[in-house]
Amino acid sequence: MTAARRPLVAGNWKMNKTGVEAREYIARLRAHLGETALPADVAICPPFTALEATARAASGSPIRVLAQAVHEAAKGAHTGEISAAMITAAGADGCLVGHSERRAAGETDDQVAARVRAALDAGLQVILCCGESLEQREAGETESWLTGQLTSALAGVRPDEVGAFAIAYEPIWAIGTGRTATPEIAQAACAHVRAVASATLDGDVLRVLYGGSVTPETAGDLMAQPDIDGSLVGGASLDPDAFAAIVRAS
Ligand code: PEP
C-alpha cells in the first residue's frame, strides 16, 4: 500500500453465523480493536439474515457492514435475492459484487455491471471482486481475463464514485484452498487491476485489495506491496482473534 491510501480489511463470512453468533463476534472484535485509531478501515460481510444484527452490534464503532451480494432490481419476483434498499434498511453500508462463488453459481458479467450500478445509485459502498481460475493463469490469460471482467463491470461507473469503490483481486485458485498467492504474484495482478481501472477511476485513490487464503501470518507481506491496499478475508475472518490480527498487520 502507499501512505496515500488508507487500507481496507473486509471479512466475508459467506454462509456462516446467525444473528446471535454475529453479536457475540462483533463484541469480541470491538474488544480486540479497542477505541484507539486503527491502521485500516474494517468491514464485515455477514449473510443477509445476520445483516441487521451485525449492523446494530457494530453501531458506534469503526466497523462497517456490507452485504455479500445485491440484485440490480429495486423489487420484484427474484426469489432469494436482496435489493440495495433492503441492505440500507438493514443498517448496512455497502455490498460485495461479483464474488467468484456467485459468478460460479451463474452471475454474469452483465449482471455484475448492473449490480455495481444499482448499489452505487443507492449510495452503497462497493467491493467489486475479480479473479482468474488456475487454468487461466497457467494458460497465461490472467491479465486479459481481469481486463475483460473489469472493463465490463466498470462501464457504468463514474470517476467521482472512486471513494465509494474498491476492487478485490481474488484468484479463484487461492480462495478457500490455503494456497495464498505469493506477494509478488498478488502485487503484479493488483498493479494490473489498478492500471485497467485507471481508465475510469483515479488510480492514486482507488483501493485494490487482495483476497485468497489471507491469514495473520501472510497479511503483513501482502500489505507491504505497493499496489495492495488491504484484503478481503474469508475463512480467517470467522475467528475474531485472527481477523483482528489481520487488521493489525495491515
Ligand atoms: C473470499 O471468499 O473472498 C476469500 C478470500 O476466502 P478465503 O480467505 O477463505 O480464501
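**View 1. Thr 49, an exposed loop residue.** Thr 49 is exposed, with a relative accessible area of 74%; exposed means over 50%, buried under 20% and partly exposed in between, with a 1.4 Å probe and protein chains only. This residue lies in the loop between S2 and H2, where helices (H or I, at least four residues) and strands (E, at least two) are DSSP runs numbered from the N terminus. Between the C-alpha atoms of Thr 49 and Gly 156, which are 107 residues apart along the chain, the separation is 29 Å. The model is predicted: local features need pLDDT of at least 70, side-chain atom pairs count only at pLDDT 80 or more, and totals for chains, interfaces and linings use all residues. Residues are numbered from 1 along each chain as its sequence is written, and side-chain values use heavy atoms, with hydrogens and water left out.

**View 2. Helix H2 and its surroundings.** Helix H2 spans residues 51–58 and is mostly covered, 6 of its 8 residues being buried. Those buried residues are Leu 51, Ala 53, Thr 54, Ala 55, Ala 57 and Ala 58. They pack against helix H1 (19–33), strand S2 (41–45), strand S3 (63–67) and helix H3 (84–89), with contact meaning heavy atoms within 4.5 Å.

View 3. Of the 14 residues around the ligand, Lys 14, Glu 170, Gly 176, Ser 213 and Gly 235 come nearest; a residue is near if one of its heavy atoms lies within 4 Å. The shell divides into 4 nonpolar, 8 polar and 2 charged residues. In this division Ala, Val, Leu, Ile, Met, Phe, Trp, Tyr, Cys and Pro count as nonpolar, Asp, Glu, Lys and Arg as charged, and the others, Gly among them, as polar. A backbone N or O atom of Gly 176 lies 2.6 Å from an oxygen atom of the ligand. For Gly 234, a polar backbone atom is 2.8 Å from an oxygen atom of the ligand, and a polar backbone atom of Gly 235 is also 2.8 Å from a ligand oxygen. The protein covers 96% of the 290 Å² of accessible area that the ligand has on its own, computed by the Shrake-Rupley method with a 1.4 Å probe.

**View 4. Glu 132, a buried charged residue.** Glu 132 is found in the loop between strand S5 (125–130) and helix H6 (134–138). Its relative accessible area is 0%, so Glu 132 is buried. The side chain of Glu 132 makes a polar contact of 2.8 Å with that of Arg 137 and one of 2.9 Å with that of Tyr 169. A polar contact is a pair of N or O atoms within 3.5 Å; within protein, one must be able to donate a hydrogen and the other to accept it, and residues adjacent in sequence count only if both atoms are side-chain atoms. Not counting residues up to four places away in sequence, Glu 132 also touches others, including Trp 145, Glu 170 and Trp 173.

**View 5. Helix H10.** In helix H10 (residues 240–248), the buried residues are Pro 240, Ala 242, Phe 243, Ala 244, Ile 246 and Val 247. These pack against strand S1 (8–12), H1, S2, helix H9 (216–223) and strand S8 (230–233). At the start of H10, a side-chain oxygen of Asp 239 reaches to within 2.9 Å of the backbone nitrogen of Asp 241.
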